[in-house]
Amino acid sequence: MGARLLTSAFFGAWIEEAARSVRAERDELTRLDAAIGDADHGTNLDRGFTEAVRALGDRRPATPGAVLVLVGSTLIRKVGGASGPLYGTAFREAGKALGEAPEVSPADLAAALAAGVAGVRRLGSAAEGDKTMVDALAPAAEALTAALAGAVREGPGADGAPEAGTPAVGRDGHPSAPEDGRDGHPGAPVDGPAGAAGPDGRGLAAALAAAAEAARAGAEATIPMPARKGRASYLGPRSVGHQDPGATSAALILRALHTVAARW
Amino acid sequence: MKKLINGAGSVVADALRGIAAAHPGLRVDAENRIVVRAGGPSPGKVGLVSGGGSGHEPLHAGFVGYGMLDAACPGEVFTSPVPDQVIAASAAVHGGAGVLHVVKNYTGDVLNFQLAAELCAEEGMEVTSVLVDDDVAVRDSLHTAGRRGTGATVFVEKIAGALAETGAPLAEVARVAREVNTRSRSFGVALSACTTPASGKPTFELSEAEVELGIGIHGEPGRARAPMRDARELTGVALDAIHEDLPLSGDVLVMVNGMGGTPLIELYVAFAEVAGHLAERGARVARSLVGDYVTSLDMQGFSVTVCLLTDELTRLWDAPVETPALRWGR
């Protein structure tokens with residue numbers, strides 16, 4: 001195949017980029033949290049990711065799985081609040097899904113992201129539509145899996161079409177259809193063969209662009225929702241009209257993943 | 001907003017140094033960020049551990065001492081503690097009879113205490129958790145994270161602490177803690193928002209003419225905004241909400257709690273009205289507490305917590321207690 005595999009350095013770079021991004025957006029995250037929570041989301045995540053970068057520098061885990069497990073454990077130990085255990089669990093579950101392999105494929109990354117989202121859903125008992133980080137994470141995980149598998153997101157009503165976001169093989173049912181040259185852009189359906197991270201990694205970058213866009217759109221879609229989980233839920237209908245800070249930070253972290261993949 | 005601090009980043013650590021300096025009966029473990037009774041665990045006694053975000057003082061560190069908590073885990077301001085703190089606190093107070101975690105029902109507190117309890121169990125400690133969720137302002141628990149833990153936390157910690165002091169087993173201490181929670185309800189009203197040291201700005205805007213009904217203790221807005229009214233009417237709103245949820249009768253334990261920025265004279269004005277509202281409903285103030293016990297930094301406002309007493313609960317409430325914030329009978 002020739003696709004460039006992802007090493008611990010790739011995952012370390014992701015966390016560094018995520019830390020930069022959270023630092024840059026810290027005040028905005030806190031402002032969003034002040035509207036419907038308790039005004040500490042940016043501060044807490046900044047502290048957690050700063051500690052995570054430091055822990056990676058100190059311990060230098062050898063495998064992608066170990067990087068993510070260490071990041072998750074550090075977030076659980078350092079952040080507090082709900083976001084610490086939830087993000088911590090997401091990274092730990094993703095890391096555990098990657099196992100002990102020294103290098104992993106884009107498909108492994110997609111499976112790991114799905115495992116992370118499953119962990120968050122379980123711990124937080126949250127579903128899509130509850131106005132939480134799940135609203136950004138779940139569509140992103142689905143978009144990544146779908147993009148890598150070369151699935152086409154059919155519009156509603158398309159005969160026999162898979163549900164939007166459902167991982168699927170190519171339209172013709174052949175998982176190894178030849179590269180058709182479309183490298184995708186944010187929000188667009190991405191066609192391509194299964195695991196189609198090309199030799200230069202552009203396939204992965206395109207798939208992660210779709211994932212990041214799905215997360216961004218998912219975060220934005222929380223604005224009209226009434227919160228059903230977390231502290232914002234106490235506001236009931238008054239939480240409508242505000243973007244969820246957790247979904248917003250989740251979109252930032254996925255955007256950082258795309259940024260790193262684009263230059264990998 | 002002016003704050004009496006050295007820096008927003010060191011508020012919790014600096015306050016812990018103050019607690020250590022002021023209260024020789026407590027041991028502050030600065031590294032693990034826990035406050036425990038000096039003298040170590042009592043063999044055969046259930047250890048009581050609680051914790052939560054800082055900014056609610058005297059909760060929880062001010063309730064560590066004889067007859068109440070064995071340890072408290074203060075998190076950052078309005079941020080629940082991390083599991084490492086809870087594990088360190090549990091290990092520090094485990095005297096062989098198990099540990100009771102008193103957890104206020106907020107998503108962050110629940111998750112961090114849950115992770116901690118699992119890790120404590122892996123280390124061979126017997127841990128039981130009791131959730132406090134007394135806030136009637138949260139109505140529809142199916143569509144929220146559930147009722148919040150507020151003023152009843154003080155009642156739970158005092159009464160369960162008194163029973164633990166007698167050498168009662170973990171299951172009994174947990175039972176009485178749950179019973180106090182089941183028999184208690186709270187409702188809070190804010191006259192102003194609070195200002196966290198990190199943000200320096202009020203957490204929400206409230207005009208001179210408005211109050212926020214049904215607030216929690218983290219500066220989060222409440223159930224509804226309403227026009228400002230006098231103490232008689234505001235306490236009436238609180239008592240109506242409580243009575244609607246748990247009909248009030250018989251002997252009750254009542255706390256009129258200040259949110260941090262309310263003068264004591266106003267809390268007594270409120271208490272007089274609360275006592276009147278209770279009498280109208282056929283309940284009798286048997287025991288009472290007036291003052292700042294579960295605060296929200298510098299918020300102006302109050303909360304009312306009522307517990308329907310039994311003989312056992314009254315006896316345990318009256319039992320000796322010696323902590324920085326509650327002390328009698330010893």
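1. A word before we start: a residue is called buried at under 20% relative accessible area, exposed at over 50%, and partly exposed in between (1.4 Å probe, protein chains only). By that rule both A:Phe10 and A:Phe11 are buried.

2. Please keep in mind that this is a predicted model, where local features need pLDDT of at least 70, side-chain atom pairs count only at pLDDT 80 or more, and totals for chains, interfaces and linings use all residues. Residues are numbered from 1 along each chain as its sequence is written, chains are lettered from A and ligands numbered from 1 in the order in which they are written, and side-chain values use heavy atoms, with hydrogens and water left out.

3. Now to the meeting of the two chains. Chain A brings 24 residues to the contact and chain B brings 32 residues (contact means heavy atoms within 4.5 Å). About 2,300 Å² is buried between chain A and chain B, with 56% of it from carbon and sulfur atoms; buried area is the accessible area (1.4 Å probe) that two parts lose on being put together, summed over both. On the side of chain A, the residues losing the most area to chain B are A:Arg231, A:Tyr234 and A:Arg238, together 30% of what that side buries.

4. What charged links join the chains? There are 2 salt bridges between chain A and chain B (a side-chain nitrogen of Lys or Arg within 4 Å of a carboxyl oxygen of Asp or Glu). A:Arg77 forms a salt bridge with B:Asp84, and their closest N and O atoms are 2.9 Å apart.

5. Next, the aromatic rings. The whole structure holds 7 aromatic pairs over all chains; rings of Phe, Tyr and Trp (its six-membered ring) pair if their centres lie within 6.5 Å, with planes under 30 degrees apart counted as stacked, over 60 as edge-to-face and the rest as tilted. A:Phe10 and A:Phe11 make an edge-to-face pair, 5.2 Å centre to centre with 85° between the planes.

6. In chain B, B:Trp317 and B:Trp328 form a tilted pair, at 5.4 Å centre to centre and 55° between the planes. B:Trp317 sits in helix H8 (residues 311-318) of chain B and B:Trp328 in strand E14 (residues 327-328) of chain B, so this pair ties together parts that are 11 residues apart in sequence. Helices (H or I, at least four residues) and strands (E, at least two) are DSSP runs, numbered from the N terminus. B:Trp317 is buried, at a relative accessible area of 3%, whereas B:Trp328 is partly exposed at 27%.

7. Back in chain A, ring pairs link A:Phe10, A:Phe11, A:Trp14, A:Phe49, A:Phe91 and A:Trp264 into a cluster.
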